[in-house]
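Please work through the exercises below with the structure at hand. Each task is followed by a solution in steps.

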Amino acid sequence: MDGRRRSRSARPGPLKAFWRRIRTPLAESRFVADLVAFALAAALRFIYLTNRTVEGSDSLEKAYASLAPGIAAFWHGQHLMAPCLKPRWLKMAALFSKSRDAELNARVAERFGFETVRGSGGRANAHNADKGGARALIMLKRLLDTGRSVAMIADIPHGTPRDAGLGIVMLAKFSGRPVVPVALATSRRKVIASSWDRTTINLPFGRKAVVVGEPVYVPADANEALLEQKRREVTASLDAATAKAYGLVDRTS
C-alpha cells in the first residue's frame, strides 16, 4: 500500500506531463520556440498591466537607480513575473541553467531585453564548478564590472525551496555588488501545490505588490563562516520581502 501511494505521488501533474511532451519539439524547432516565447511574453505583460499596484509597494525605479549594478534575487516558483520588473533603460542579464526546461524561460526573458547567461549559480563555490557554475559566475561578474545588473534565482533547483544557495553570495563577494532581494505577489493566483517549489502562476485583474528587500553586501575577504552568514541573510531578506508582498495584496482593508 505504501509503495503504491509513493508511486502515485511521484506521478507528474498534468501541466508537468504536458511540458515533458512538448519540450523536445520546442528545443528542436526555433520557430515554434520563438512563437511560444512571444505568446508567453505577451501574457506576462497582460497579467502585469491588469493588476493594480497597491499602496505600500516599493519603487523599483528608485531601487535600481540607487543600487545598480546589483544582483536581483528571486525565489524559484515566485519568479514567473520577474521579467516584467526590468525598466526599459536598465541593462540587465539573467542566469538560466542549460536544461531544456530553462530554454523557454530564457527566450521569454530575451523578449524583455535581458541578456542571458547559461550555467548553474546555486551550487557554485570556491571548490566546485558543477554544471558550469564557476564559468557562469565569472561571466556574471564581468557583466557587473561593465555596469550591467544581473538577475538570479537564489535557491538551488530541486534543492530546499526558499533557502539561498552559495553561488549568489560568491558572486556578491567577487563583484563587490549587493544582492537585492525582490518579490512580486498578486492577489489572484494559482499555486501548484504538487511542484517542488510550489510554483505560483499569477492571474490578471487583481492587485499586485512589489517589494525590495534589505540589500546584502559581502566583503571581498569573507571566509567560509562569513559566507554562510551572508547566505542566511539573503534567505532571511528574500523571505521577508516575499511575506510583505503577499501581506500587501491579501489584506482586506
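**Exercise 1: An aromatic pair**

Task: Determine whether F46 is buried, partly exposed or exposed, and classify the ring pair that F46 forms with F205.

Solution. The model is a predicted one. F46 has a relative accessibility of 45%. Buried requires under 20% and exposed over 50%, so F46 is partly exposed. F205, with 59% relative accessibility, is counted as exposed.

The next step concerns the rings. A pair of aromatic rings is described by the distance of the centres and the angle of the planes. The structure has one aromatic pair by the rule applied. The ring centres of F46 and F205 lie 5.6 Å apart, and the planes stand at 85°, so this pair is edge-to-face. The two residues are 159 residues apart and link distant parts of the chain: F46 belongs to helix α3 (residues 30–49), while F205 lies in the loop between β8 (200–202) and β9 (207–212).

**Exercise 2: Two helices in contact**

Task: Describe how the axes of helix α6 and helix α7 cross.

Solution. Helix α6 covers residues 133–145 and helix α7 covers residues 167–175; their axes come within 10 Å and cross at roughly 45°. This angle makes α6 oblique to α7. The crossing of α6 past α7 is right-handed. On the α6 side, the contact is made by L137, L140, K141 and L144; on the α7 side, by G167, M170, L171, F174 and S175.

**Exercise 3: The whole chain**

Task: Report how many helices and strands the protein chain has, and what share of its residues is buried.

Solution. The protein chain has eight helices and nine strands. Of its 253 residues, 45% are buried. Among contacts between residues at least 6 apart in sequence, 72% join residues at least 24 apart.

Notes: Residues numbered from 1 in each chain as written. Predicted model: local features only at pLDDT ≥ 70, side-chain atom pairs only at ≥ 80, totals over all residues. Heavy atoms only, no water. Phe/Tyr/Trp six-rings, centres within 6.5 Å; stacked < 30°, edge-to-face > 60°. Helix = DSSP H or I, 4+ residues; strand = E, 2+ residues; numbered from the N terminus. Buried < 20%, exposed > 50% of the residue type's maximum accessible area, 1.4 Å probe, protein only. Axes fitted to C-alpha atoms, helices over the stretch in contact; angles between N-to-C directions. Parallel < 35°, antiparallel > 145°, perpendicular 65-115°, else oblique. Left-handed = near helix turned anticlockwise from the far one by under 90°. Contact = heavy atoms within 4.5 Å.
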